[in-house]
Amino acid sequence: MATGKVVVEKVGGRSTATSSFSKYPLKFLLPTKAAPAGTDVVWIYSITYGGGIVSGDSISCEFTIGDGCTAVITTQSSTKVYKAIGSKCSEQILEARIGSESLLVVIPDPVTCFSTARYYQKQIFRLVSDSNLVLVDWITSGRHANGEKWDFDFYKSINNVYLEDDYPLFLDTVLLEKRSNQSIAERMQDYHTIAMVILFGSKVKEIQKQVQENVKNMMSEQLQISYGGRSRRQNSESSSRNRFMKPEFIASCSSFGHEGKGVVIRIASDSTESVYNFLRQQLAVLQPLLGQAPYAC
């Protein structure tokens, strides 16, 4: 049985949560004043009791976004995954159905896994041809104040997007697992946050174009900085090799789906705040649709 369910439908010409259910350890908050006047959107805050996911917890959510509706799923803070007990793995499953000409925006704060944590996440989105989706999925390296850096044991995040008749549109898996020959921290080097952003549908077409152009300009500038730093040290080959200026922020864009209807952005950064800044800047244009800009606070 699902831990939580929300149904959003048109009532009196407005997007309305007509059904909402949740049970421990999950809780949904649907503040009636979340959507400012003049906007047609339902905000859904997903939180867990105790502010995190305990070892062995299993959370399953179902969302149905009816035709012509707009909904936002977000969190009030990062999703903390506490230390594992033995080999127990915490898991969170989300399945969403998005109707015709509807928009679902999933903009959580990042997952933060504590030392030895084990976490599995699977998110499935079922769309029709004119559905719209914005999805942010991201993870930090851990609790820096406690000296933890990629110190968890296992993290797996699956994001699958399907069109009608279960046609696979976008299938993605991220797996970070501690190995005996090399730690996760060694593989991630100096990067502390990795993120993925999906933009799909006609309602976010202009955003796609702008983000792609912004990422192109950002990375051109980063490469120029790295190349310039290398050139200044070109008289010492060993110094150039050992002191290469690795970009602090890396982003890439690629299209997917028929006629490139979807765009995926992948990010690696040495700080969580720089990713927050990127998301605020790039998704700010959603404000007219949502009533407030994502990650504004």
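A cavity, on a 1 Å grid over the protein atoms alone, is a set of points where a 1.4 Å probe fits but cannot get out, and its lining residues have an atom within 4 Å of a point. Grid points are joined across faces, edges and corners, and a volume is the space filled by probe spheres set on the points.

This is a predicted model, where local features need pLDDT of at least 70 and side-chain atom pairs count only at pLDDT 80 or more, while totals for chains, interfaces and linings use all residues. Residues are numbered from 1 along each chain as its sequence is written, and side-chain values use heavy atoms, with hydrogens and water left out.

View 1. Searching the whole structure turns up one cavity of 30 Å³ or more. The largest cavity has a volume of about 40 Å³. Around it sit Val-197, Leu-199, Val-211, Ile-265, Phe-278, Leu-279, Gln-282 and Leu-283. Helix H4 (272-283) and strand S16 (193-200) each supply at least two lining residues, and H4 gives the most, with four. (Helices are DSSP runs of H or I, at least four residues, and strands are runs of E, at least two, numbered from the N terminus.)

**View 2. Tyr-24 meets Tyr-49.** Rings of Phe, Tyr and Trp (its six-membered ring) pair if their centres lie within 6.5 Å; planes under 30 degrees apart are stacked, over 60 edge-to-face and the rest tilted. The whole structure has 13 aromatic pairs. In this one, the ring centres of Tyr-24 and Tyr-49 are 5.6 Å apart and the planes are at 35°, so the pair is tilted. Tyr-24 lies in the loop between strands S2 (14-22) and S3 (26-29), and Tyr-49 in the loop between S4 (42-48) and S5 (52-53), so the pair ties together parts 25 residues apart in sequence. Tyr-24 is exposed, at 60% relative accessible area, while Tyr-49 is partly exposed at 43%. (Buried means under 20%, exposed over 50%, partly exposed in between, with a 1.4 Å probe and protein chains only.)

**View 3. Trp-43 stacks with Tyr-45.** These two rings form a stacked pair, 6.2 Å centre to centre with 25° between the planes. Both Trp-43 and Tyr-45 are buried.

**View 4. Cys-89 without a partner.** A disulfide is a pair of cysteine sulfur atoms within 2.5 Å, and the structure holds zero of them. For Cys-89, the nearest cysteine sulfur belongs to Cys-113, 9.2 Å away. Cys-89 is partly exposed, with a relative accessible area of 26%.

Key:
On a 1 Å grid over the protein atoms alone, a cavity is a set of points where a 1.4 Å probe fits but cannot get out, and a pocket is an open set with protein on both sides within 12 Å along at least five of seven lines; lining residues have an atom within 4 Å of a point.
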